[in-house]
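Welcome, and please take a look at the model below. We will walk through a few of its helices and loops together, one stop at a time.

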Amino acid sequence: MAKTIVVSNQKGGVGKTTTTNALAVNLKARGFRVLAVDLDPQGNLSFSMGADTENSATIYDVLKGELKTQFAIQRTTLADIIPSNILLSSVELEFTGNEREYLLKNALHPLESMYDYILIDSPPALGILTVNAFTTSDYVIVPMLSDIFSLQGITQLFETIDRVKTFCNPNISMLGILLTKHNPRTRFSVEVKGTVDMISDSYQIPVFETFIRESVALREAQSLQHSILDYAPKCNAVIDYKNLTDEILGKGL
Ligand SMILES: Nc1ncnc2c1ncn2[C@@H]1O[C@H](COP(=O)(O)OP(=O)(O)O)[C@@H](O)[C@H]1O
Ligand SMILES: [Mg+2]
């Protein structure tokens, strides 16, 4: 039975896609069977993992019920992925049925024995796509930048997860807040780390011990569609993502 992890934060640019990509390649490198699911209409994860989004089936076709989920999987050199493209953005208006929170869960259910980990990248919003991702997932990772604006909106995110837990998915739990693009040398980052720790105390949410440092190589690897492990194995952020993988596996997942 696959464990399903969603990487979510309604803010853009906090490292959701990068984290999903990095965990996919790291878990695959450890020998696990990994499926990445791109649930962001921007299709950044699909691009960074080398998936075709123009002429192939996407998660949109699957959610519409027009295609068996298996047929939307692409096997790239990085990992298996179900891609997305801009068509997915119409979901909010298009899917109005009363079971609409469960579309993704029902779609991924037949794949549960095929994979050890299903990793879901989510869009920068708390709409129906993100609610579908929460309804499907066992665990949530929340990447956050170490700047003060990151703290705004975090309450709405936790409230949305709580609501999904109450109404759609009692099994969901928070794996942790992950500080990304972190520069521990700046005073600002130190202050924000303190604030994040406070949030974590008041909401009873763990913060990963590992934080992800800023590295240009990470951006380059993604734009070249290379695995970060091959492209820059010694770069700080790549080492950090390896450590994050250890930390997650160490939690017994
Ligand atoms: N640790 C990092 N160091 C440097 N650049 C990063 C790092 N993490 C992410 N980036 C870059 O920051 C941008 C936003 O990251 P991304 O993962 O796309 O965020 P999101 O999916 O939350 O919008 C991308 O250009 C990405 O390559
Ligand atoms: Mg993204």
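Our first stop is Lys-181, which is found in the loop between strand E7 (173–180) and helix H8 (187–203). Helices (H or I, at least four residues) and strands (E, at least two) are DSSP runs, numbered from the N terminus. Before going on, please note that this is a predicted model, where local features need pLDDT of at least 70 and side-chain atom pairs count only at pLDDT 80 or more, while totals for chains, interfaces and linings use all residues. Residues are numbered from 1 along each chain as its sequence is written, chains are lettered from A and ligands numbered from 1 in the order in which they are written, and side-chain values use heavy atoms, with hydrogens and water left out.

Back at Lys-181, the backbone has a positive phi of about 45 degrees, although this residue is not a glycine. With a relative accessible area of 36%, Lys-181 is partly exposed. Here buried means under 20% relative accessible area, exposed means over 50%, and partly exposed is in between (1.4 Å probe, protein chains only).

Follow the chain through to Gln-204, in the loop between H8 and H9. Gln-204 is not a glycine either, yet has a positive phi of about 60 degrees. This residue is exposed, with a relative accessible area of 68%.

Next comes helix H9 itself (residues 216–223), whose buried residues are Ala-217, Leu-218, Ala-221 and Gln-222. They cover an arc of only 135 degrees around the axis, so they sit on the same side of H9; the arc is that of the directions from the helix axis to the C-beta atoms. What covers the buried residues? The cover includes helix H1 (16–29), helix H2 (44–48), helix H10 (228–231) and helix H11 (236–250). Just after H9, Gln-225 takes a positive phi of about 60 degrees.

Now turn to helix H6 (residues 128–136) and helix H7 (residues 154–167), whose axes come within 10 Å and cross at roughly 55 degrees. Axes are lines fitted to C-alpha atoms, for helices over the stretch in contact, and angles run from 0 to 180 degrees between N-to-C directions. H6 and H7 are therefore oblique to each other (angles under 35 degrees count as roughly parallel, over 145 as roughly antiparallel, 65 to 115 as roughly perpendicular and the rest as oblique). On the H6 side, the contact is made by Val-131, Phe-134 and Thr-135, and on the H7 side by Leu-157, Thr-160, Ile-161 and Val-164; contact means heavy atoms within 4.5 Å. How much of H6 is buried? Nine of its nine residues are, so to speak, under cover.

Our last stops are two loop residues. Thr-58 has its place in the loop between H2 and helix H3 (59–63), and counts as buried at 2% relative accessibility. Leaving out residues up to four places away in sequence, Thr-58 touches Thr-53, Ala-72, Ile-82, Pro-83, Ser-84 and Asn-85. His-109, in the loop between helix H5 (103–108) and strand E5 (117–121), is exposed, with a relative accessible area of 52%. The C-alpha atoms of His-109 and Phe-95 are separated by 19 Å, with the two residues 14 apart along the chain.
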